[in-house]
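User: Please show me how to read the overall fold and the setting of a single residue in a structural model.

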Amino acid sequence: MYFSHKERILRFIYNIGIYLTLVVLKCAALFNKKIKSGVVGRKNTFRVLENKLEKDDKTLWFHCASLGEYEQGLPVFKKLRAHYSKHKIVLSFFSPSGYDIRKNTPIADIVIYLPLDTKLNAKRFLDIVNPELTIFVKYDIWPNFLNEVKRRHLHALLISAAFRKDQSYFKFYGKPLREALFSFNHIFTQNNVSKDLLHSINYNHVTVSGDTRFDRVYSQLKLNNSLDFIDTFKNNKLCVVAGSTWPEGEALFIDFINSEASKDVKFIIAPHNIKQAQIKSFRDKLISPSVLFSEKDTKQLVDFQVFIIDTIGMLSKIYSYADIAYVGGAIGHTGLHNTLEPAVFGIPIIIGPNHNKFPEAKAMINNGGMFSVSNQKTFHSVLNELIENPEKRLQSGDKNKTYIKKNKGAVIQILDYLRI
């Protein structure tokens, strides 16, 4: 393949940047437990692969940046797991938050950290894994890995892709990343905007399939979502569930729960950060009695107004008990968390104002099922109206459920392409 002088410079800069990243991560690992987990985990990647894979094994490779992308890809992963039952599935993560929570997932035989994107790592990784099919989810595009996939004529797909005009793929300096997109045999995008952007760089093997997250959350309705301890706590009262909260959002709830407006309403708070100090700070500011999940077996849950979930992994089921949901991340700038999980249960949702990068939020706001608040006054007003107006509450929630139902189906299109 011929590269111009300018392109070679850009590729050189990218590769130097990767090695500099390695140095930065090793230094940061001395002070940050999460980063250290990733650095140590990547050291073990090749040893794990060599121990668990035989030369004649047939494999599939799934890659996700973090937990959110894993959940997004899960409906496809499950179907491929069933269809390729004799293959070994390698699941890689870049982020410790994905690896730590899903390192024992049943959809994969081997769960690893993806090594940093050097040419040597890419060649060594693919020498061992040699996947019959590679699936990347949404983004986390690594040029050296993907170029090596293409050089070996291995089949690769990008699913639930979402692109914006301001991304480097579409800038003059984005040649290495742009070239990596052409390593995919087919790209399934979430929307027409992403498809048009791909066409603008002459990538044409693209289908608008929608977002696999809709299939993921819709499948939650088929599961048993009952939790006896939540039944006991709720006690048939109206219940507000606040999911993946950050301190900025929790401050709104403190003021509301401590007000007269919260009388006869139950609140379940599931913080994104479950560190004891942060939870204690929240509890100390509440007038109303609160109980932790970790205390549930020693306390009479029905006697408390606020239930704080100081564990992870249950939020999707807990949303099924909500009459109103709040989803964190958009009051501050940490990024809006998953609003589709509560929406599928047909409940109205409140979020913060920083949701511009989340098209599903914009759609549900326009549909009248989601409400954006920017301060204590608007939060109090919206939440109080939803509590006191059952008709509006039910109508708004139904609009969210309908939105989810209309947008599922991405998995079928991907499987049709694979002829599964």
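Analyst: The discussion below moves from the whole chain to one residue. This is a predicted model, in which local features need pLDDT of at least 70, side-chain atom pairs count only at pLDDT 80 or more, and totals for chains, interfaces and linings use all residues. Residues are numbered from 1 along each chain as its sequence is written, and side-chain values use heavy atoms, with hydrogens and water left out.

User: How many helices and strands does the protein chain have?

Analyst: Helices (H or I, at least four residues) and strands (E, at least two) are DSSP runs, numbered from the N terminus. The protein chain contains 18 helices and 14 strands.

User: What radius of gyration does the protein chain have, and what would a compact globule have?

Analyst: The radius is taken over C-alpha atoms, and the globule rule is 2.2 Å times the number of residues to the power 0.38. For 420 residues the rule gives a value near 22 Å, and the 23 Å of the protein chain agrees. Its C-alpha trace spans about 70 × 40 × 40 Å along the principal axes.

User: Is Ser160 buried or exposed?

Analyst: Buried means under 20% relative accessible area, exposed over 50%, and partly exposed in between (1.4 Å probe, protein chains only). Ser160 has a relative accessible area of 0%, so this residue is buried. Of the 420 residues of the protein chain, 52% are buried.

User: Where is Ser160 found, and which residues does it touch?

Analyst: Ser160 belongs to strand β5, residues 155-161. A contact means heavy atoms within 4.5 Å. Leaving aside residues up to four places away in sequence, Ser160 touches Gln72, Lys138, Phe188, Gln190, Gly210, Asp211 and Thr212.
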